[in-house]
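User: I would like to learn how to read features from a model like this one. Please take them one at a time, general idea before the case.

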Amino acid sequence: MKYEAVIGLEVHLHLNTRTKAFCGCSTEFGKEPNTQVCPVCLGFPGSLPVYNQAALDYAIKVALALNCRVQEYTKFDRKNYFYPDLPKNYQVSQYDLPLSVHGFLDIELNGQLKRIGITRVHMEEDAGKLIHQENASLVDFNRTGIPLLEIVSEPDINSPEEAYEYLAMLKSTIQYLDVSDCDMEKGSLRCDANISLRPAGTKILGVKTELKNMNSFKGVKDALSYEIRRQAEMLDSGEKLRQDTRLWDAKAQETIAMRTKEGAKDYRYFPEPDLPPFIIKEDKIAEIKKTIPELPKEKMQRFIKDYGLTEYVAKILVASKQGALFAEECLKKTTDKNIKSVANWIIGPLSALTSSTCAIHELNISADNLAGLVDLVENEKIISNLTGKIVLEEMCKTGKTAKAIVEEKNLAQISDSQSLNSIIEEAIKENPKSVADFKAGKANALMFLVGQVMRKSSGKANPKVVQELIRKRLANA
Amino acid sequence: MSIDKKTVEDVAHLSRIELGEKELEKLSGQLEHILAFIDKLSSLNTENIAPTNHILPLNNVLRKDEPQSSLPIKKTLQNAPEKQGNSFVVPKVIE
């Protein structure tokens, strides 16, 4: 039978405040275990939590950017459960009056726009970290109490690809807000998924599985793809699906059922008596709204309109806020004729020079210098594309202009026929077979000869001119 | 509301306490009594009264995002029944 997947995603996001949600302990990552803890985040009796103003502001900012309705009255609740990484035996979270509800995020897949509903964005706190040893577990509470947002999507996602796009768009949007580094490797962005299948075209909901332990966007996509296959096989063979929680094993590329006790999940939520509620007025919302920059979706649409870029190129350019700022600076400094080339140089050769520690705007290349390079390649034909890439690398290393490097290293293309003819003669003399092949109508032979000339000129010959000259020369022979 | 033994067992598990057979009997009676007492509240008419989410007339109690010093590691681990290096040690639990 043909099935349709029904997927909802639950994202947990660290807010990059300097201090924790309810105490002044630092949130800095990677410190020695238990050096960033205090009576509040260790859950000592008698300690009193006070919420972080910045965390509330950031939370509202995210809610607004995700088109949610921020509720005027919101409060914290206690979610009770026992686990060693949770020193209070409850997590401060939100239950019936969350910060915000009814949002959406638009994603694009294969040129199709799709709106994914967002059920709620609410505030909570993170738990500690457990390191399991053979006979015991070690607990590090540094992460305990770091402000988290839980972002819950509606079950509007129907394929692993859509789930991936949703996450990519969510991450990009949140990064534009400067409220989280969204780094899955550091655990500052985590994602769980709910997935069920139903016969295509029907509206009934099937038995759902909760997937955990995916530590990359690709992991989410792979886990969902696996789960669709697994559930479809079970349904096809008439087996009954059980509602359970499964862990993604990235090495084995499969999901494994977690042992769960029947009825163990009873969180007994109740209002947190230590934290009074929040009343969020219109003026506060308006004030925060003003701090939201142009978001990736709008920026992409503007790039397409203002610079005549394709959707594909624009989407790559706007993926990160800093990258988009740099790209726009470059595009502004370019003549209209070169705009598409500059965009292609940014997403191609320039992006190839970036690394996880050095983003595109951090490379030693100014917008002016990039425009200068593209001009040398595209307009003045002083260097070939290939030489351009070498020059670009040199520019990154030295910060010099393309022109200076071309002069210094004598890289300018040889385009005048006089200089080229002697090399061409040599190539023809050395490769009689290719000459014969060409005359017999084999087009590839011409490219081989051009390649020989390029080699002999150390890549400096203008390949287009060389091709022309060889063609003429052989036609006359 | 009647509280059977099964309910008491469930609540005991959630609270991570162990109860013997006699205690289960005794507690189910007691809890039933307590709940009946609390249940008197439902006889009141609260139709026009907003739910009380917090008992104090306070809201928007917030602090600035400014780091304060944390506890020294010695103090943090002072009451730990077992420790290893900088970490608390607990029985191995993998859910």
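Analyst: Start with A:E425, which is partly exposed at a relative accessible area of 32%. Keep in mind throughout that this is a predicted model.

User: Which residue forms a salt bridge with A:E425?

Analyst: The general idea comes before the case. Side chains of opposite charge can pair when their charged atoms come close. Here A:E425 forms a salt bridge with A:R473, with the closest N and O atoms 2.5 Å apart. The two residues sit in distant parts of the chain: A:E425 in helix α12 (residues 417–430) of chain A and A:R473 in helix α15 (residues 463–476) of chain A, 48 residues apart. A:R473 is partly exposed as well, with a relative accessible area of 29%.

User: How far apart are the closest N and O atoms of A:K212 and A:D192?

Analyst: They are 3.4 Å apart, and the two residues form a salt bridge. A:K212 lies in strand β13 (residues 209–214) of chain A and A:D192 in strand β12 (residues 189–199) of chain A, so this pair ties together parts 20 residues apart in sequence.

User: Is A:D192 buried or exposed?

Analyst: A:D192 counts as buried, at 15% relative accessibility. The cut-off for buried is under 20%.

User: How many salt bridges are there over all chains?

Analyst: A search of the whole structure finds 36. One from chain B is worth a look: the side chains of B:K5 and B:E21 meet at 2.4 Å, N to O. B:K5 is in helix α1 (residues 5–14) of chain B and B:E21 in helix α2 (residues 21–38) of chain B, and 16 residues separate them. B:K5 counts as partly exposed, at 31% relative accessibility. Salt bridges can also share partners. In chain A they join A:E294, A:K299, A:R302, A:K305, A:D306 and A:E328 into one network.

**Sheets**

User: What is the strand order of the open sheet of nine strands?

Analyst: Strands of a sheet pair through backbone hydrogen bonds, either parallel or antiparallel. In chain A the order is β3-β7-β8-β11-β1-β12-β13-β14-β15, and the pairing is mixed. β3 (69–70) and β15 (254–257) of chain A stand at the edges with a single partner strand each, so one side of each has no neighbour in the sheet. Helix α2 (residues 160–176) of chain A packs on the sheet. It touches β1 (3–14), β7 (100–109), β8 (112–125), β11 (147–153) and β12 of chain A, and its direction makes about 115° with that of β7(A).

User: In which sense do β13(A) and β14(A) pair?

Analyst: They pair in the parallel sense, over four bridges, with β14 spanning residues 244–249 of chain A. Within this stretch, A:E210 stands opposite A:T245 in β14(A).

User: Which residues lie on each side of strand β5 of chain A?

Analyst: In a regular strand the side chains alternate between the two faces of the sheet. In β5 (residues 77–80) of chain A, A:D77 and A:K79 are on one side, A:R78 and A:N80 on the other. All four are buried, and both faces are covered. β5(A) runs antiparallel to strand β6 (residues 90–93) of chain A, joined by four bridges. There A:N80 stands opposite A:Y90. β5(A) also pairs with strand β16 (residues 270–271) of chain A, antiparallel over two bridges. In β16(A), A:P271 is the bridge partner of A:D77.

**Chain B and confidence**

User: What pattern does chain B follow along the sequence?

Analyst: The pattern is α-α-β-α-β-β, from three helices and three strands. A compact globule of 95 residues would come near 12 Å, but chain B has 22 Å. Its C-alpha atoms fill a box of roughly 55 × 45 × 25 Å along the principal axes. Of its 95 residues, 19% count as buried.

User: Which element of chain B has the lowest mean pLDDT?

Analyst: Where pLDDT is low, the predicted coordinates should not be read in detail. In chain B, α1(B) has the lowest mean, 87, and strand β1 (residues 62–63) the highest, 97. The chain averages 90, and 97% of its residues score at least 70.

Key. Residues numbered from 1 in each chain as written. Chains lettered and ligands numbered in written order. Predicted model: local features only at pLDDT ≥ 70, side-chain atom pairs only at ≥ 80, totals over all residues. Heavy atoms only, no water. Salt bridge = Lys/Arg side-chain N within 4 Å of Asp/Glu carboxyl O. Buried < 20%, exposed > 50% of the residue type's maximum accessible area, 1.4 Å probe, protein only. pLDDT = per-residue confidence, 0-100. Pairing = 2+ DSSP bridges. Contact = heavy atoms within 4.5 Å. Axes fitted to C-alpha atoms, helices over the stretch in contact; angles between N-to-C directions. Rg over C-alpha atoms; globule rule 2.2 N^0.38 Å.
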